[in-house]
Amino acid sequence: MMRVLGLTLVIVFGWTVSGAEASCSGSGQTWNCTAGTTPAQINAAIASASDGATFTFAAGSYTWGGGTVIAPPLDKGISLVCESQGACDVFYSGGFPGVWRPGCCTGGSSSRFYRISGFHFTAGTGATIWFAWDDSPETTLSQLRVDHNTWTLGDDDIWMLTSNRTALYLYGVIDHNVITAASMANTIAFQYTAGYDSSSPPLNRMGTDRNLFVEDNVITSTVGGGAGCLDAFGTSTGWVWRFNTITNCRLTTHGVMHSWGPSNVEYYGNRLIYNASATFPDGFRAIHHQGSGQFGFWKNSFTSASPLGDAMAVLHYRSFQPAGAPACNGTNSLDGNRSPSSTYLGYPCFHQPGRDLDGLLYPGFAFLNVNAATNAKVDLEINGSGSGPPDYTNTHFKFDRDVYNAVGASAQSSSTSPFNGTTGIGHGTLANRPATCTTTTEAADAGRGGVLYWATDQGNWNSSTSNPNGVQQNGADGVLYMCTATNTWSVYYAPYAYPHPLQSGGAPPGGGGGGVPSAPSNLRIVP
């Protein structure tokens, strides 16, 4: 039973004294809060705490929200931790701007550590975490951790994590949380709606710490699956979802029609399950990327109640010109507009799938994705909005140029089988990588596109031997190579260190995939 205690706030020499009523007490970096403490009382204590302080909350009931946000400022990193994981029951309500808003509210950049851990949240209305509002100044938070919490969500538009529509850069990790919803028909567990930063657009962040990582979580919808566990748009923050267990909801992102879409997304090692209660029991669009920037989908497993549909789908709205879209057809100065126009029809389109914000080619890739041991491939969707012709998807977005699929589910048995270096992606030991390989035929993209090979015995980015959620691990670490010139292989991508360093209390070291050779200068994905 939830209960709200009578509350009295007493301030002596700038900090809160504990007593019979709910409050926070302490000094410096060590604070303790009794059950029932309100956001206003927590904020008063934060004002007197030191940078790097940890607030430990007693087991019991709390009511947060109602328009008052727990708001650590940019100049003061604060951790909120329940004394016993799951023993702090928080009922939150009051709509926006949520319950916890680190780095609030003046805009700027902070490398301080912000954490919220161990709470059990039950939804009333609104969002638990709301980093900023539509008119907020540009903000960068470099060290976030949201971990070991549980959420019980209702069948409504209730978001666990959301942000703003101005440029907002969020880096860190969301790990070991358990999110349960009666239905994901309307609920979205994570929503990120940041805008496009035209002054300093982010470039080439796959495989680096300059992303928001969602790893080792369990997200379950009893029924539904029409909505996404994730909905995101805007270029400022890239997403990495890895080693999560997801039931009856989808990984979705909006694309170029929404602040030019995410700059980059990586989905790997996830287990996606769709049972008979799902909106799409065949797992249709389990991963749905609505078209922008760099992307990679690999080592995901799909389990469905009926034969698998198109589990991974990518589409590009500007290729079929729905109402209101800035058409990519050879007449828009935003685009590359290669000649002859009758052949390219605007290609390459601005920030289209497989291109960064500079217009440089970074092909998408999909490999080692399986359903019942069958190789699952990414599908290119045509005319996804139902609008009429023309549709230039097949001109703007081609296999073995803008996106590469695995040739099959089997590893290399030799240097020529099953992947022979002419099309698609192969995987296996470095010794079995083909000696010959095919690169892009587009002169303007020379050195930036070609067939790919995942060398399973290279790299050292993964220090984990098992996954707490039972997700199939990736085995050997792995490094992805590209054929950057005829019969020449170069490093293209390696994942960022796993587990994320913030899981063990370390600061992200910066840089790339860990223990891999540097990429050639014209490929900037792996620093």
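The largest nonpolar core of this predicted model has 74 residues, of which Phe55, Phe57, Trp64, Phe119 and Trp241 touch the most other members. Such a core is a set of buried Ala, Val, Leu, Ile, Met, Phe, Trp, Tyr and Cys residues joined through side-chain atoms within 4.5 Å, where buried means under 20% relative accessible area, exposed over 50% and partly exposed in between, for a 1.4 Å probe and protein chains only. Leaving aside residues up to four places away in sequence, Phe55 is in contact (heavy atoms within 4.5 Å) with Cys24, Trp31, Cys33, Ile42, Ala45, Ile46, Ala49, Ile78, Ser79, Leu80 and Val81. Another core, of 35 residues, lies apart from the largest one and includes Val173, Phe365, Tyr453 and Leu480.

The model is predicted, and local features need pLDDT of at least 70, side-chain atom pairs count only at pLDDT 80 or more, and totals for chains, interfaces and linings use all residues. Residues are numbered from 1 along each chain as its sequence is written, and side-chain values use heavy atoms, with hydrogens and water left out.

Aromatic pairs are the next topic. Rings of Phe, Tyr and Trp (its six-membered ring) pair if their centres lie within 6.5 Å; planes under 30 degrees apart count as stacked, over 60 as edge-to-face and the rest as tilted. The whole structure contains 31 such pairs. One of them, Phe121 with Trp151, is stacked, at 4.9 Å centre to centre and 20° between the planes. Phe121 belongs to strand S10 (residues 119-123) and Trp151 to strand S13 (residues 150-153), so this pair ties together parts 30 residues apart in sequence; strands are DSSP runs (E, at least two residues), numbered from the N terminus. Phe121 counts as buried because its relative accessibility is 0%, and Trp151 is likewise buried at 2%. Tyr317 and Phe320 form an edge-to-face pair, because their ring centres are 5.6 Å apart and their planes meet at 65°. Ring pairs also link Phe243, Tyr268, Trp298, Phe365, Phe367, Trp454, Trp461, Tyr492, Tyr493 and Tyr498 into a cluster.

Charges over rings are found as well, defined by NZ of Lys or CZ of Arg within 6 Å of the ring centre and within 35 degrees of the ring normal. Arg401 places its charged end over the ring of Tyr347, 3.7 Å from the centre, and Arg433 lies over the face of Tyr481 at 4.9 Å.

Finally, Asn405 in strand S34 (residues 403-405) is buried, with a relative accessible area of 10%. The Asn405 side chain reaches the backbone nitrogen of Val378 at 3.0 Å.

How values were computed:
Helices (H or I, at least four residues) and strands (E, at least two) are DSSP runs, numbered from the N terminus. A polar contact is a pair of N or O atoms within 3.5 Å; within protein, one must be able to donate a hydrogen and the other to accept it, and residues adjacent in sequence count only if both atoms are side-chain atoms.
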